[in-house]
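Sequence and structure come next.

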Amino acid sequence: MKQAESTGTLAGQKAFSYFPGCSLHSTAREYDVSARLSCEALGIELKELEGWACCGASSAHSTNELLAVSLPARDLKRAGEVGLPLVAACAMCFSRLKIASHELQNNDMRKLVQTVIGQEIQKTARVVHLLEVVDSRLDAIPVKKPLTELKVACYYGCLLVRPREKVAIDDAENPQLMDRLVRKLGAEPVAWAFKTECCGAGLPLARPDIVLKLCHRILAQARQAGADCIAVACPECHSNLDTHQEEIRARYGDDARVPVVYFTQLLGLALGLSVQQLHLDKHLTDPVPVLSSKGLA
Amino acid sequence: MQTVETITPLPQSRLSGYVQKHSGQNPLRCYQCGKCNAGCPVAYAMDLGPRQVMRAVQLGLKDHVLSSNTIWVCLQCQVCSARCPMEIDIARVMESLRLLAILEGYPVPEKDIELFHRIFLEVVRRHGRLHELELGAMYNVRSGHLTANAGLLPQLLSRGKLSVLPTTIRDARAVREIFARAEAESRKAPAAES
Amino acid sequence: MAVGFEPRVVGFLCNWCSYAGADMAGTSRMSYPPNIRIIRVPCSGRVDPLFVVKAFQMGADGVLIAGCHPGDCHYTEGNYHMRRRFALLQPFLDYVGIEKERFRLEWVSASEGKRFTQVVTSFTEQLRQLGPRKDRELMAAKGVQRAV
Amino acid sequence: MARIGVFICHCGSNIAGSVDIARVLEAARKMPQVVYVEDNKYTCSDPGQASIRNAVKAHRLNRVVVAACSPRMHEKTFRKTVEQAGLNPFLLEIANIREQDSWVHSDDKERATEKAIEIVRLAVAKVARNYELYARQISLTKRALVIGGGISGIQAALDIANAGHEVVLVEREPTIGGRMAQLDKTFPTLDCSACILTPKMVELAQHNRVVLFTYAEVQSIKGFVGNFEVEVRQKARKVNHTTCTGCGTCWQKCPEKVPSEFDLGMGQRTAIYIPFPQAVPTKPVIDTEHCRYMKYQRFVASGEEDKKPPQCRVCEKLCPTGSIDWEEQDRVFTEKFGAIIVATGYQTFDASAYGEYGAGMYPDVISGLQLERLMCASGPTGGEVKRPSDGAHPKTVVFVSCVGSRDEAKCRPYCSKVCCMYMAKHAIMLREHDPEVQCYIFYIDIRAGGKAYEEFTRRAQEEYGAIYLRGRISKIYQEGKKLVVLGEDSLIGRPVELSADLVVLATGMEPSSGVVELAQKLNISYDTNQFLVEAHPKLRPVETQSDGIFLAGACVGPRDIPDSVAQGSAAAVKAAALFSQDYITTDPMTAMVDISRCTGCLLCTQVCPFKAISTQALRDGRVVASVNEGLCKGCGLCAAVCRSKAIDLRGFTNQQLFAEVTSLWQ
């Protein structure tokens with residue numbers, strides 16, 4: 001089995017197949033919108049992969065291994081036919097797609113998956129994360145409005161940095177990709193220790209207690225590090241950290257709020273796009289006041 | 001989790017054989033340093049920590065492991081695997097154990113988590129993609145937590161973050177077939193006897 | 001299998017491990033088939049492929065080379081050299097009609113009298129099963145006296 | 001023409017019981033070139049040996065075969081016997097008809113006898129092609145080189161010197177003393193490390209048979225046992241150590257401060273410095289990288305005059321003896337030695353490899369060796385334990401064991417052996433410094449095998465209140481002025497979260513940097529962890545496969561002080577034993593080159609494990625192989641690979657071995 005785009009630098013790649021993932025069409029619409037606008041401004045062409053289906057997320061791989069490979073395999077096959085590298089914005093989709101393409105290297109697994117999806121897989125696409133694509137052209141970002149004085153806690157979560165061999169785009173303990181970007185945009189990335197601590201993943205419905213506890217720790221650490229906001233690259237992390245702040249305040253008795261934004265929104269802001277264009281006014285924990293105080297909104 | 005009064009260690013058990021075969025990880029490499037437990041963000045909520053799961057696998061205590069809530073609470077955040085000094089992919093072991101528990105029909109101690117996964121996949125099977133409103137509503141009804149996260153609903157709807165109607169992809173039937181065949185094939189998978 | 005066939009076996013044993021291992025089998029009064037003729041060499045790595053070929057030419061039904069276990073070589077790496085040489089020589093012999101089962105490389109340490117006994121016994125037994133060398137019979141039929 | 005005598009031993013009934021001696025005698029008599037046969041009840045007995053001597057003379061024998069027990073038993077005995085009879089000792093072969101015949105085939109006398117005849121035939125075929133071999137006697141230089149001036153090297157050097165031989169010690173740092181000099185106290189006796197070490201350092205420096213080269217490195221090594229030629233590079237100190245009195249004016253006045261290597265960054269030193277007050281020699285070196293005048297000169301040389309720093313030269317101005325020598329350059333000189341002792345020791349693992357522990361990121365996460373410096377009365381804080389971030393006295397101290405030990409993910413699978421003990425020592429010492437300190441020690445297993453070691457770790461817990469928690473730490477992070485430590489108590493089985501003022505990482509041992517390059521120069525082996533490899537892990541623990549090169553201390557593996565000292569002494573005895581001879585007798589069974597057949601492919605040089613084969617150019621310009629008999633150990637690898645059969649092994653020649661093979665089944 002061939003991988004259509006296994007080598008070649010990302011920096012030279014102009015067009016990508018785009019895998020938004022389910023969340024970016026609903027709860028994380030602002031991620032989708034800001035990603036598309038920022039990429040357009042950077043001259044990156046995103047062509048949404050036609051007919052993509054859900055990657056199965058943690059529910060598939062928690063309960064059925066084969067399904068967890070087969071669902072992304074269908075998407076990988078489609079992307080392979082398009083012939084462009086497949087860029088995912090959601091860290092979960094990225095992780096599942098990347099692990100699936102790894103598993104498909106195994107002949108037995110590939111045969112089994114071909115039976116399940118009822119199609120032969122001739123070639124698949126190289127899977128990359130949007131953060132990697134932006135990082136590949138870091139020096140070429142035309143910053144129009146530097147995010148001066150904005151202190152950002154870059155939060156990477158689990159799925160971009162673990163497991164090391166199959167997925168990781170950066171160091172698992174102290175990654176720097178997003179920090180580099182934020183610095184380039186004129187903001188100050190804060191040093192903090194919870195960049196890759198888990199937010200509770202897909203448990204907000206079934207075990208909200210766990211999610212609240214883990215998010216509380218992360219938010220408290222970001223605040224302590226002096227961050228004005230947290231930047232994320234994953235809709236699940238965003239949803240967990242942003243939507244439950246009121247409950248966290250109630251449960252743990254602290255009153256601070258930490259806005260959580262997508263890195264693409266910060267990127268767009270620095271590229272001169274507006275708060276409204278970037279849907280920065282759609283978060284439950286409103287980032288606009290802090291952005292205004294820095295003259296950025 | 002089953003309470004164990006006295007244990008009968010079965011070091012050469014089929015359980016550790018299954019784990020090795022299915023996950024590619026040799027549980028006998030673990031020397032119980034405890035770094036996994038120490039770093040696990042949800043160890044506090046588990047009846048067995050990841051270290052104890054590894055130990056139980058070493059000793060072949062199958063019921064003990066497969067009826068624990070650990071394998072369901074595990075977030076697959078991979079911190080344990082990333083930091084293990086013996087380079088054991090512990091998260092992968094957890095996954096293997098959970099799949100074995102499902103396959104062998106062990107009672108699930110974390111019913112809500114299992115229900116969530118089931119509904120999630122039902123929604124995806126139906127539309128080819130997730131529909132979050134449907135997931136939330138079905139979960140609340142079937143779990144009995146009728147008001148869970150309901151307070152967030154107006155805020156999410158007002159911000160246009162929840163679509164009322166699902167998007168169904170054009171060849172959703174193909175996805176449904178993938179589900180059917182994946183389930184059929186998985187049942188053929190060999191289980192660990194003990 | 002030929003009735004009453006007693007294979008002729010040549011063993012090249014390294015002085016430090018395997019020759020001492022063979023001595024150990026004697027000291028422990030173990031027993032193995034008397035078919036083997038032992039030639040002492042300082043190191044298994046001393047065994048020139050030509051010695052092996054010569055032994056087969058002289059009518060050996062099997063050749064055993066025994067040396068120190070990997071990592072234990074008295075000369076650090078002689079056994080590794082032999083291992084590589086063996087990997088090349090065995091298929092060559094097979095090619096010229098000497099089945100690969102007739103040529104063995106084994107690791108026997110100075111304390112492994114028991115293991116030496118097992119190796120010699122199993123090798124002799126295997127050669128007995130294989131019977132006389134087909135290549136020699138073939139050559140004899142064609143009137144060739146000495147052949148590999 | 002060979003005249004071979006065959007002597008067959010009954011060994012009581014050991015051989016005669018299962019071998020028909022008469023038949024063997026009969027068969028031997030008919031073997032080619034055999035002119036005499038006899039049998040003896042016990043050939044190794046005095047009458048048996050006398051019988052051989054008489055037969056050699058009476059029958060003008062020039063080759064002897066003794067068919068008896070294994071050559072590993074009595075080859076030496078019978079070599080001496082034939083030598084007494086006036087023959088070269090190598091004109092003898094043993095036919096092993098006991099261990100490899102009568103004892104293993106006692107159930108089948110017929111076939112045992114047949115085999116005995118064959119074994120004798122092999123020996124006869126071989127001995128006919130034996131020729132006289134002579135052991136060579138090589139003179140030796142009775143002078144030892146010790147590489148590394150830690151406690152192990154110091155001990156080795158002192159012991160050799162006290163045995164009456166000259167010693168040169170080469171140390172790459174500006175002082176001897178090694179890691180032990182950095183320690184405050186030693187376990188389990190809590191002796192002050194400097195108090196027991198510095199007298200030895202001084203004794204060494206003042207010993208009239210010891211020459212000390214500090215700030216020097218071994219550059220190359222040639223030769224073999226008894227005759228090593230070693231190039232030593234003396235790094236430029238920019239201070240004339242002959243005239244310098246070590247008064248200290250320069251290092252007290254030097255304005256340039258840099259983090260001290262000796263204090264592991266816990267304190268500072270000047271650009272002209274001695275590493276610590278009791279350094280030996282107590283004479284400074286100039287750190288040319290940081291010295292202001294040297295920087296100035298570099299700017300001048302680079303032409304960037306406008307950016308140039310001030311000239312300084314304070315040391316030069318104040319030196320009462322005019323010992324500052326800006327012109328001094330590295331100097332390389334060659335010395336001859338008979339033996340080399342490698343005692344290059346260890347360095348501590350760099351904990352920054354653990355991102356989750358934040359070493360290098362959080363100032364209050366330090367290593368065990370850094371804590372030693374903070375506790376040491378002559379250290380940067382005068383022995384007051386102050387944490388690096390704000391100088392506060394830590395009250396809650398957490399220890400993390402196995403940092404860079406027992407960790408395959410960090411390529412350090414081994415146990416470093418000393419960390420359990422030094423953590424217990426630290427816990428005791430910290431309490432003694434300040435009774436309010438509470439120590440928490442996260443361990444995986446307490447490894448306290450050693451005299452009074454287990455008792456010591458018990459004391460740390462029972463008398464000094466150290467709390468031991470079984471489990472490895474997963475993460476450390478800063479929260480305000482505290483460090484939060486996430487661990488587990490695996491005995492209870494619950495996560496543990498502690499808020500600490502200071503975290504000490506018990507970093508493990510790894511071989512000193514540069515040891516691999518040194519091992520390659522010496523042609524000695526190292527293992528996957530880059531520790532040097534002993535000739536035998538149990539029976540030859542301080543020898544290497546290369547004669548005359550010995551090992552001592554932690555360069556072989558994690559060691560504590562008593563073991564390192566014992567090994568230093570052991571290596572010294574090996575060297576002294578070598579020097580007790582007036583010449584070295586080499587084994588004559590070495591490789592030899594027939595230069596008329598050598599094609600110069602030099603495959604032999606590649607396979608030789610001892611680098612014993614070099615090249616020589618002939619007068620006609622051809623380059624051929626040449627064997628150094630001092631280095632050759634007689635493995636015969638070269639002979640087996642030589643395509644033109646130009647290189648051969650004495651004692652196991654191609655001719656001899658072919659003769660053995662062809663003699664079979666005749």
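## Aromatic pairs

Over all chains, the structure holds 23 aromatic pairs. Rings of Phe, Tyr and Trp (its six-membered ring) pair if their centres lie within 6.5 Å; planes under 30 degrees apart are stacked, over 60 edge-to-face, the rest tilted. This is a predicted model: local features need pLDDT of at least 70, side-chain atom pairs pLDDT 80 or more, while totals for chains, interfaces and linings use all residues. Residues are numbered from 1 along each chain as written, chains are lettered from A and ligands numbered from 1 in written order, and side-chain values use heavy atoms, without hydrogens and water.

B:F116 and B:F120 make a tilted pair, 6.1 Å centre to centre with 50° between the planes. Both sit in helix α8 (residues 111–127) of chain B, 4 residues apart, about one turn.

D:Y293 and D:Y296 are stacked, at 6.0 Å and 20°. Helix α9 (residues 292–302) of chain D holds both, 3 residues apart. D:Y293 is buried at 9% relative accessible area; D:Y296 is buried at 14%.

## Interface of chains A and B

Contact (heavy atoms within 4.5 Å) links 61 residues of chain A with 56 of chain B. The two chains bury about 5100 Å², 58% of it on carbon and sulfur atoms. This buried area is the accessible area (1.4 Å probe) lost on being put together, summed over both parts.

The interface has 8 salt bridges (a Lys or Arg side-chain nitrogen within 4 Å of an Asp or Glu carboxyl oxygen). One of them joins B:D171 and A:R78 at 3.1 Å, N to O.

Key: Helix = DSSP H or I, 4+ residues; strand = E, 2+ residues; numbered from the N terminus. Buried < 20%, exposed > 50% of the residue type's maximum accessible area, 1.4 Å probe, protein only.
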